[in-house]
Amino acid sequence: MTVTIHSEDFDPWGVLRAAEQDIPAEARGAASVFVGRMRDFNEDDTVTGLFLEHYPGMTEQELERIVEAAQQRWPLLGVHVAHRVGEVRPGDALVLVATWSAHRAAARDACSDILERLKHEAPFWKRERLADGSSRWVERNTPG
């Protein structure tokens, strides 16, 4: 299990390739991957940027707790969660959740569960910059 926090844009596919090297090829029958990127719109407004705040240490601990719960529920061979913080622009990677298992259902279900839990439980705060020059805190998560 690996949890990483990135303060700069990251290449989710490069992170995925590196993470997969730790799992024996003959064991990994399935991988499930979610990559989330920043959109340039939200709530019918054009969004030009986003600042993601977090509590260093606490955020990683909460993400690890979420991953550990998934590992107890599904037979996973590996998990990697990468999340962005700081200044983000449209198109930048925000989150990567990758799970590996011998079977697709476990990989798929665990990946989805980890993503939904981190979106609702992990301590991140988002402040959007809008095209009109104003800004606002994101008060609720986009429905999944």
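Predicted model: local features only at pLDDT ≥ 70, side-chain atom pairs only at ≥ 80, totals over all residues.

Author: One term before we start.

Reader: Fine. Where does R136 sit?
Author: R136 is in strand β9, which covers residues 135-137.

Reader: Is R136 buried or exposed?
Author: R136 is buried. E128 is buried too.

Reader: What do the side chains of R136 and E128 do?
Author: They meet in a salt bridge, at 2.8 Å from N to O. The R136 side chain also makes a polar contact with the side chain of D45, at 2.6 Å.

Reader: What else is R136 in contact with?
Author: Setting aside neighbours within four places in sequence, the list is N42, E43, D45, K126, R127, E128 and L130.

Reader: And how far is R136 from S7?
Author: The two C-alphas are 21 Å apart in space. In sequence, R136 and S7 are 129 residues apart.

Reader: What about phi of D44?
Author: Phi of D44 is positive as well, near 65°, and D44 is a residue other than glycine. D44 is also in the loop between β3 and β4.

Reader: Why does D44 count as exposed?
Author: Because its relative accessible area is 83%, and exposed means over 50%. E43 counts as partly exposed, at 41%.

Reader: Back to salt bridges. How many in the whole structure?
Author: A search finds 11. One of them joins R73 and D113, at 3.8 Å from N to O. That pair links distant parts of the chain, 40 residues apart. R73 is in helix α2 (residues 58-73) and D113 is in helix α3 (residues 104-121).

Reader: R73: buried or exposed?
Author: Exposed, with a relative accessible area of 58%.

Reader: Which salt bridge does D92 form?
Author: D92 pairs with R84, and the closest N and O atoms are 3.3 Å apart. D92 and R84 are both buried. There is also a network: salt bridges that share partners join E62, R65, R117 and E121.

Reader: Where is D92, and what does it touch?
Author: D92 is in the loop between β6 (86-88) and β7. Not counting residues up to four places away in sequence, D92 touches D9, G36, R37, M38 and R84.

Reader: Why does D92 count as buried?
Author: Because its relative accessibility is 7%, and buried means under 20%.

Reader: New topic. Which residues in the largest nonpolar core touch the most other members?
Author: V81, V97, I114 and L118. That core has 27 residues. The elements giving two or more residues to the core are β4 (45-54), α2, β5 (76-84), β7 (93-101), α3 and β8. The largest share, 6 residues, comes from α3.

Reader: What is L118 in contact with?
Author: Leaving out neighbours within four places in sequence, L118 is in contact with L63, I66, V81, H83, V95 and V97. There is also a second, separate core of 10 residues, which includes L16, I23, A82 and A98.

Reader: Where does S101 lie?
Author: S101 lies in strand β7. S101 counts as buried, at 1% relative accessibility. A polar atom of its side chain is 2.7 Å from the backbone oxygen of P75.

Reader: And S101's other contacts?
Author: Beyond neighbours within four places in sequence, S101 is in contact with residues including A27, R28, G29, A30, A106 and A107.

Reader: Last stop, the outside. Which residues form a nonpolar patch on the surface?
Author: Y55, M58, W125 and W137. Together they have about 450 Å² of accessible area. W125 is in strand β8, residues 124-130. W125 is partly exposed, with a relative accessible area of 37%.

Reader: H54: which residues is it in contact with?
Author: W125 is one of them. H54 itself is in strand β4.

Methods:
Residues numbered from 1 in each chain as written. Heavy atoms only, no water. Patch = residues over 30% accessible without salt bridge, like charges linked within 9 Å, V, L, I, M, F, W, Y side chains within 5 Å. Areas by Shrake-Rupley, 256 points an atom, 1.4 Å probe, with all protein chains shown as cover. Salt bridge = Lys/Arg side-chain N within 4 Å of Asp/Glu carboxyl O. Helix = DSSP H or I, 4+ residues; strand = E, 2+ residues; numbered from the N terminus. Buried < 20%, exposed > 50% of the residue type's maximum accessible area, 1.4 Å probe, protein only. Contact = heavy atoms within 4.5 Å. Polar contact = N/O pair within 3.5 Å; in protein donor to acceptor, adjacent residues only side chain to side chain. Core = buried A, V, L, I, M, F, W, Y, C linked by side-chain atoms within 4.5 Å.
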